[in-house]
Amino acid sequence: MGYEVWGLVRGQGNPRVRHLRQLVGDVRLVRADLLDQGSLISAVERVQPDEVYNLAAISYVPMSWQQAELTGEVTGLGVLRLLEAIRVCSGISASRSPGGGQIRFYQASTSEMFGQVSESPQNERTPFHPRSPYGVAKVYGHFLTQNYRESYGMYAVSGIMFNHESPRRGAEFVTRKVSLGVARIKLGYERKVRLGNLSASRDWGYAGDYVRAMQFMLAQDAPSDYVIGTGVTHSVEKLVDTAFSAAGLNWRDHVVTDTAFIRPAEVDRLCADASKARDELGWEPKIGFEELVAMMVDADTELPPAATARSSRPSPGNAAPGPRPGRPDVRPGRRRPCRSRRSGLPPGRRAGAGGSRRAGTAGR
Ligand code: GDD
């Protein structure tokens, strides 16, 4: 697409860097941390980006109860530091200067901001009622992005993204946890997968479609915020049913509900009204729910055995906080060698390099 892409990495000897290089070897890396204002200014100075996409956050909702302060620092104040880095490097003064600066900024806002929804489906005017420290921090980042646009005339926009998934999704999120669980059960490594609230509903779409929407948002003449989602919602139970059916299995034989994964406050049902994005950006999702779930199950079934065989047991990092009464007693699954030896990375998009536009992405 004619982009030279830079990724922001943090920490000393970060093990994810090697993984990143395998996945997207043509992305150039720059070191900085959302907790460190000076490092962000240095990164923006070095890369001189045309566009900055802030996809960085502590994004796993249960983690935000366990580390609420850190979530506020990274997911909330991190947006402030990044906007300040752009403002300072662009030479924008404290007074409003319409169209000031050349760097365009994208903030990854989220449907979690709607939380306990007051109307359905949700659009850009639906009030926010976040239900987690993560959602609260995202509301801060959302309004701050809007404020920098209004205060300094910066091209700064938010995409209010509903859940977007792919075979690269982290294993702690429910779609990937289910697709990996199905693969492990299908390949004989496990017999059960433990889940929390099966009645919650989400508007799940394909991440590649949503990245396209992000790019469209930064290519408009005038900056504006957009809801991005499919407009179709399904329960976790329907997700589970679809994923197990895709592998020829009956979910009722394998799914165990576990209170360890129930959240202190739940977002019950989300559904996007993305008509503004359709009308103004010409954006529409290309991949539907069934195709997405089948893609994820297929990708996990074809992973190398070492990746598929890893334990799926709850760990402090992926279980919800709070009491864990009455955990059902389930025998651990049998472990035997993988029957399929097909290998290959999950399908996914590769970032282009060497073009005239420079995009920085911040990912945590
Ligand atoms: N993770 C997880 N694990 N969720 C479960 C489980 C389980 O074992 N069992 C049921 N669920 C339910 C959760 O309670 C929630 O209602 C739903 O599945 C989706 O959970 P996640 O996949 O963890 O995603 P999320 O909706 O909380 O948040 C994701 O989407 C947001 C966009 O709306 C994250 O990617 C956020 O960072 C993002 O902002």
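Two strands pair if DSSP finds at least two bridges between them. Helices (H or I, at least four residues) and strands (E, at least two) are DSSP runs, numbered from the N terminus.

This is a predicted model: local features need pLDDT of at least 70, side-chain atom pairs count only at pLDDT 80 or more, and totals for chains, interfaces and linings use all residues. Residue numbers start from 1 along each chain, as its sequence is written.

**Stop 1: the whole chain.** Show the protein chain as a cartoon. It holds 11 helices and 13 strands. Of its 364 residues, 41% count as buried. A residue is buried if 20 or more other C-beta atoms, placed from the backbone, lie within 10 Å of its own, exposed if 12 or fewer, and partly exposed in between.

**Stop 2: strand β4.** Select residues 104–110. Arg104, Tyr106, Ala108 and Thr110 lie on one side. Phe105, Gln107 and Ser109 lie on the other.

**Stop 3: the neighbours of β4.** β3 and β4 pair in the parallel sense over 4 bridges. Thr110 stands opposite Met161 in β5. From β4 the chain crosses through helix α5 (residues 133–152) to β5, in a right-handed β-α-β crossover. Right-handed means that, with the strands pointing away from the viewer, the path from the first strand over the helix to the second runs clockwise.

**Stop 4: Gln107.** Select this residue in β4. Why does Gln107 count as buried? Because it has 26 C-beta neighbours inside 10 Å. Its bridge partner is Asn54. Beyond four places in sequence, Gln107 touches Asn54, Val79, Gly141, His142, Thr145, Ala156 and Ser158 (contact: C-beta atoms, placed from the backbone, within 7 Å).

**Stop 5: the ligand.** Show the residues around the ligand. There are 21, and the closest are Ser59, Thr110, Val174, Gly196 and Ala200.

**Stop 6: helix α10.** Select residues 289–301. At 1.5 Å a residue, times one less than the number of residues, its 13 residues should span 18 Å, and the end C-alpha atoms are 18 Å apart, which agrees. Buried residues of α10 include Phe289, Leu292, Val293 and Met296. Their cover includes α6 (174–186) and α8 (236–246).

Note on methods
Near = placed C-beta within 6 Å. Contact = placed C-beta atoms within 7 Å.
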